[in-house]
Each structure stands twice: as structure tokens, then as C-alpha cells.
Amino acid sequence: MTERAWGWVAHLREGGTTRWRDWTGSGPATGPVLPGAQQLELLRRANLVGRPSAVLAGRILAVDPPRRARPGLPLVDGPPVPDHGPRPVDPTTVPDTELTRLAAVLLAEEVAGHTPSPPRRGRLRPWRVRYHLLGDPEHVEPWRRHLIARGRPPGGYGGRVVVVGTDTGRMLVDLWSAHCFRHGAVPWPQWLARRVSRGDLPGPLDLDALARREQDRPEPNRVHVVTDPALVGRLVGVRRGPGLPQPMAASAVDLGRRVCAVLRPLAAPEDRARLITDVLRPVLADAPGLPLAVPSAHRAWVRSEAERLHRQLGRGRYPVHGDAGLVLPVDRAGVENPDVAETLALALRLLLSAALTPTPEEGS
Amino acid sequence: MSRRVLLHVGTPKTGTSHFQDVLFRNRGRLREQGVLYAAERFDAHFLAALDLMQLPWGGLENEAVGRWDALAGQVRDFLGQPGDRAAIISHEILATASRAQVGRALASVGHPDTEVHVVLSVRDLVRQIPAEWQENVKHRRELPYGRFLDQVRDPQRDSAIGAWFWGVQEIPDILDRWAADLPPERVHLVTVPRPGGPRDLLWQRFSTTFGLDDLDLDVEPERVNPSLGVPETTAVRRINIKANKLVPPAAYRPLVRELIAHQTLSRRTDSPRLTLPPEDHGWVAELQQRWSAVIRERGYDVVGDLDDLVGDPPPATYADPDRADEAQVADAALDAVTALLVENARLVRTERDLRAELDETRRELERAFLRPTYRWREKTVRRLQGSRAGRSALRVYRAARSRSSRSA
């Protein structure tokens with residue numbers, strides 16, 4: 001049985017796709033310890049999609065599962081196992097969730113292997129408009145980076161406060177996505193359910209509360225609320241902006257969530273943020289698929305919160321740029337919960353394409 | 001000349017907090033006596049373990065990046081100095097390290113050229129299983145004891161609970177990973193005495209194993225991880241169910257885990273204790289016997305007695321935390337509410353004092369602003385801010401003033 005198992009390892013290393021239960025060959029041991037069933041099954045799945053390099057195959061077979069996941073599992077009908085330790089399994093029965101976690105560890109290692117580029121800061125423009133940006137983080141952050149790169153950092157005496165929002169459903173998806181790409185987050189349905197149970201819109205999305213808070217400061221800044229993100233540019237004194245961010249595919253955000261959770265102990269916080277923005281996000285942004293949508297169970301709550309926000313924006317003592325009705329929910333195609341099979345497929349495609357693999361110069 | 005590294009790799013709930021506290025408080029004295037416990041903060045080795053195993057841990061991992069290599073570097077530097085020397089690394093979550101991580105850890109402290117010892121402190125599962133559930137409850141978990149036990153019993157271990165529990169508690173498997181490359185005489189098992197044993201017996205066993213017997217140390221316990229009774233644990237679990245969605249993790253730790261659980265409910269010692277259900281004693285006893293046989297067969301150094309791993313028989317009356325006495329739970333909850341009120345009263349006092357300080361500061365600031373020229377300047381600035389030309393003039397003025405300030 002030991003020879004059969006090592007033969008299967010060699011078969012998978014060579015790009016084989018035979019399932020363990022159908023495997024009849026044999027081979028010599030090529031290491032001190034047989035890889036776990038999860039690692040072997042992940043390599044087989046990768047072989048079904050493409051042809052991993054020898055290096056990638058070796059990394060897959062050696063990867064450690066993340067926290068609170070099962071350690072490498074022995075093969076059922078494989079080499080003898082002691083009475084203790086995890087019980088043997090048929091690799092094809094390992095759930096996709098477990099394989100996706102392993103793939104996320106591999107991708108996080110690739111991201112961490114990059115050398116983070118220093119943040120782009122343009123030469124300071126003395127005549128720039130002073131501003132502070134608040135609101136939907138998926139709209140605000142690209143603007144902030146864009147302006148900093150052009151010598152227009154936020155802050156400054158007497159600046160105007162620009163509170164950016166869009167339709168409430170999209171803003172909730174954006175806030176969850178921002179959490180995912182900052183430090184990982186609980187899955188979308190649980191996250192939204194928690195928010196609903198707390199009653200109000202999350203602080204960064206309550207455009208009216210943000211605007212009123214800024215107005216109540218001892219030295220009030222001039223506050224502008226923007227419900228159409230295309231109008232941000234003229235408020236911050238530029239003609240061209242970073243372009244309106246398109247929502248990512250649900251599977252891309254879900255994979256980002258898993259990769260960023262694993263990345264936390266691999267890179268210091270200041271490096272991690274730049275690695276995620278410059279390396280991970282651009283690759284995931286191109287992934288095809290439908291974006292997330294608000295689950296039907298919570299649509300009524302989102303609508304009532306959006307209507308409340310709409311009324312408050314109408315009564316606010318601050319200019320609103322764009323139609324205040326743009327905060328009301330919009331019916332658009334989307335998925336209520338990411339499908340882990342799609343997330344795994346995306347992870348395997350990224351591993352095989354080496355889209356995140358650092359170049360030798362970066363890795364050195 | 002002796003050079004040794006002692007790696008204490010688990011298991012949780014075996015007096016590790018007390019042991020690490022003694023090492024930390026005495027690290028200066030230990031160093032003078034040739035023993036290194038390299039830690040600039042109490043949780044330094046925890047951070048190093050997180051780094052070694054690349055574990056995210058509620059944000060603490062942000063402080064952990066690079067810690068293991070730094071710790072291992074300190075160990076190598078210390079052992080490189082002349083004279084008899086020993087270095088101790090201790091944290092219980094190291095028990096979950098994979099073979100690859102163990103290989104990296106051993107190599108980083110000098111294995112095989114350096115004499116490395118692995119120490120595992122162990123306690124019977126009859127106490128470990130309920131203790132682990134209680135620890136889960138004190139870390140915001142909401143699951144009832146019965147469901148926890150189901151996940152621990154599940155041979156597939158495909159839940160987070162099962163994977164973690166056996167990862168840190170299955171003694172032969174931990175030793176398969178940590179001791180595979182070491183001779184058995186360098187692998188030490190310290191058994192936790194059975195309930196009712198002498199109070200300092202566990203410390204004596206630690207002390208002997210780590211070669212601390214002849215050293216001058218302050219071993220008075222300051223940091224312990226106190227346990228809760230059945231109604232108290234149930235009360236905390238119900239608080240978790242109600243409050244988890246409302247209380248952020250940063251507030252949970254000081255208010256629920258520290259104030260309610262550790263400082264308040266752990267003092268209620270006359271309530272029924274948390275135990276293993278009677279029906280689980282059979283399989284647990286059988287498992288412990290198999291583990292003891294493996295340990296004997298491998299010839300590890302046992303400090304204490306393997307019979308300590310045989311748990312006490314079930315109590316005459318089993319108190320099930322999933323069907324706890326409601327009057328006792330209510331009483332525990334009242335104690336928790338009282339503790340929160342006392343703490344809230346303290347915070348109200350603090351807030352009042354701070355508000356008074358702030359008001360006084362504001363008054364002083366206003367007095368400074370009431371100089372005759374200030375009002376005139378303020379009025380001028382407001383008027384200038386009202387027009388584009390005025391704002392431009394202000395900008396020019398401020399730019400000129402800051403340039404003149406820099407040159408001054």
C-alpha cells in the first residue's frame with residue numbers, strides 16, 4: 001500500500017488525474033512523509049485544469065493547512081496508520097472549502113513574495129483643493145490614491161469634506177469587500193446578518209450621519225454629499241479621476257477574503273496593504289463572474305434603510321451632488337452567496353497562470 | 001560545557017500560564033544564572049509561535065511578523081557565549097505545529113548541532129475536554145457543551161473545534177511531529193498531578209525538567225487562567241449569544257473575559273464544577289490507555305506518573321451545562337451585572353473627572369482667546385473666508401507666515 005501511495009504521488013507530479021480509488025500503480029518513496037490527502041487532491045484538481053510546473057506541484061504537496069483546519073490526512077487504503085492521529089480519507093471526499101483554504105495559502109505565499117512598491121506620491125501642488133474623503137470605501141480609496149499620486153494628498157486647513165455614496169445595496173457589498181481586502185472577514189451572509197441585527201447602516205455608509213458629524217465639529221468644514229461618484233472630480237479640483245470601480249465577481253471577493261486572512265501573519269500591516277492593492281486586487285479584478293447581491297432575506301431591511309437615508313439627505317443642510325434617490329437599491333444581476341466551487345476554480349486558474357507569482361528579482 | 005535548548009510545546013490547560021509567568025518575571029535572574037528566557041513582553045513566545053505557524057489571531061499577528069526568527073536568533077547568540085547555558089522557549093499552541101514547521105523551528109535553534117529537548121506537559125482528558133470547551137466559551141463561542149462534545153467525538157475531525165482540539169491535545173500525534181528527529185531521552189513529558197495533589201507539585205516537576213531546581217526564583221503565582229463552574233460557564237455562553245453581534249472583540253476581552261469571567265465568576269467556587277459526561281468516561285479511558293502504552297513503548301522521559309493521565313471517575317451527580325440549574329445561572333448573571341455596574345460606575349467617575357479637566361482646559365483656552373486683538377483677528381478671518389479673493393489672500397498670508405516661521 002505504501003508503494004501504491006508513492007506511485008500515485010509520482011503520477012500526480014507528472015500531471016496525472018487518476019483518482020486514488022482508481023489508482024493501481026506503484027512507485028518508490030520520494031520523501032520522508034507522504035503528503036496529506038487534501039494536498040494530493042488539490043494537485044489532482046490542478047492537473048484537471050492545466051499543467052502545474054514541477055515547482056508548483058512541490059509547493060502544493062508541501063503546503064500546510066491554515067489555522068483550525070485539519071492537518072494533512074492519511075489516505076484510506078493507503079500506508080498503515082497508527083491508532084492515533086487523524087483518520088484516513090478518500091481524497092475525492094475532501095470538501096471544496098478545505099481545498100480552497102489550501103489554495104488560498106499558496107496564493108498568499110505568492111503575494112507575500114512580492115516586494116511592495118512604495119506608495120506613489122506626486123510633487124505637492126500648492127494650489128490644490130484641500131479635501132477629506134469619506135463614505136463608500138471602494139469608491140473613496142481609489143480616489144484618495146489617485147489624488148495622492150498627483151500631489152494632492154487629503155487634509156489641509158479649511159478643506160471641504162466630500163462624502164461619497166451610491167446605491168445602498170452596492171455600498172454594503174463594497175464595505176464588506178473592503179473588509180475582506182483589509183484583513184479577511186466573516187462570509188457575506190453572516191456579515192450582513194450581523195449588520196441587520198444591529199439595526200442601522202454601518203457608520204461608513206450612513207452618508208447623512210457622516211455629513212452631520214462633520215458639520216458639528218468645532219471648526220466645521222464645508223460638507224458635500226455625492227450620490228453619483230462620477231461627480232467627485234470637480235469637488236476635489238481635478239478633471240480626470242481613477243475611473244468608476246466596477247464590482248468584482250463574487251468568487252473573486254471570496255477568494256480575496258480567504259487570501260487576505262492567510263496573508264495577515266505573512267506580511268507586516270504596512271506592506272500588506274500595498275501588496276493587496278498593487279498585487280492581489282488587480283489580478284482578481286479581471287476575474288469573470290457576477291458580483292454579489294443582497295440576499296432576498298435582507299432586501300426589505302436594505303430598502304427601508306435606503307429610504308431613511310434618502311429622506312435624511314433631502315432634509316440635510318449640506319449640498320447633495322447627484323440625485324438623492326441614487327441611494328435607493330437598484331435591481332441588478334448578482335449572486336447572494338459566493339459558490340465555493342467557483343472560488344476554488346478561480347484559485348486554481350490563478351495558481352496555474354502564475355499571475356501572482358513574483359518575478360525572481362522581486363522574490364530575492 | 002552544556003548547551004541546551006528546551007522547547008516547551010504544550011499542551012494548553014496544563015499550568016503553562018503560571019510557568020511562563022514565573023519565567024517572565026524572573027528572566028533577569030535566570031539570565032544571570034545561565035538560563036535564557038528571551039521575552040520583552042509576557043506574550044513574546046506566543047507571538048513567536050504565531051509567526052512560526054503563520055496563524056492569524058485576532059489582529060495580534062500584526063505584531064508577530066518576524067518574531068520567531070528574532071527569538072531563535074537570540075537563543076543562538078546566547079548559546080554561543082562561554083559557560084554552561086540553557087535557553088527555554090515555551091508556548092502551548094506550538095503543539096499544533098506541522099512537521100514542516102517543527103523542522104523549521106528545530107533548525108532555527110541549531111538542531112542537530114545543538115542539544116534540543118522537547119517538553120510536553122500533559123493532563124488527563126477527563127479534565128482537558130471540559131476545560132477546552134470552557135476556554136472556547138471565554139473566547140466568544142456560543143456552541144452548547146453537547147455540540148462541542150459531538151465535534152470532539154467525531155472521528156473525521158472536520159470541524160474547526162475537532163481539528164484544533166486534537167491538534168493540541170492528542171499526545172502521541174504531537175510527539176510524532178515534534179519528537180520524530182530526537183532521541184527519546186530528550187523528550188520529556190511532565191504530567192499534571194491528579195486533583196487534590198500537593199499545590200506546588202506541578203511546579204516542582206517543571207522545575208526539575210527545565211533544570212531550575214537550584215536557581216533562586218520568585219515562584220509565587222501571579223498569572224493564572226482560573227476556571228468557572230457549570231452555571232457560570234452557561235451564563236457566559238448566554239451572554240455570548242446575546243452580545244456577540246453587538247460587542248466588538250476589542251471590548252469583549254476586557255469586559256466579558258477579564259471582568260465577568262476571570263475577575264467575577266471564577267470566584268464563585270461553591271457551584272457545581274464542569275466535568276466530562278459519565279457516558280464519555282469509557283472511550284476517554286480507553287484512549288488514554290492507548291496513549292500511555294505508546295509513551296511507555298517509545299521510552300520518553302516521564303516526569304511525574306503516567307497514571308496521572310487516568311482521569312477521576314465520574315461524579316455521583318453530573319451537572320450538565322446545557323441543562324444548568326436556572327436559579328444558579330440567574331445568580332451568576334446577577335453577579336455579572338453587578339460587576340458591570342461597579343465597572344460602569346468607575347467609568348462614569350472617570351468620564352466626569354476627564355470632562356471637568358476638559359472644561360477647565362477650554363476655559364483656559366477661552367481666557368487666552370479673549371485678548372482684545374483675538375476677536376478682531378477672528379472677525380477678519382471669517383470675513384476673508386467668505387469670498388474667493390479673501391481665501392486667496394489668507395493662503396498667501398499663511399504661506400508667507402509659515403516661511404517666515406521656518407526661517408526664524
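Reader: How many residues of chain A and of chain B are in contact with each other?
Author: This is a predicted model, where local features need pLDDT of at least 70 and side-chain atom pairs 80 or more, while totals for chains, interfaces and linings use all residues. Residues are numbered from 1 along each chain as its sequence is written, with chains lettered from A and ligands numbered from 1 in the order written. Counting a contact when C-beta atoms, placed from the backbone, lie within 7 Å, the numbers are 24 residues of chain A and 29 of chain B.

Reader: Which helix of chain A gives the largest share of that side?
Author: Helices here are DSSP runs (H or I, at least four residues), numbered from the N terminus. With three residues, the largest share comes from residues 188–198 of chain A, helix α7.

Reader: Is L52(B) buried or exposed?
Author: L52(B) sits in helix α3 (residues 44–53) of chain B. Beyond its neighbours within four places in sequence, L52(B) is in contact with W68(B), A97(B), Q101(B), R104(B) and A105(B). Buried takes 20 or more other C-beta atoms within 10 Å, exposed 12 or fewer, and partly exposed is in between. L52(B) has 25 such neighbours inside 10 Å, so L52(B) counts as buried.

Reader: What span should helix α13 of chain B have?
Author: That helix runs over residues 281–298, 18 residues in total. The expected span is 1.5 Å times one less than the number of residues.

Reader: Which residue just after α13(B) takes a positive phi?
Author: Look directly past the end of α13(B). The phi there is about 75°, and the residue is G299(B).

Notes:
Contact = placed C-beta atoms within 7 Å. Helix = DSSP H or I, 4+ residues; strand = E, 2+ residues; numbered from the N terminus.
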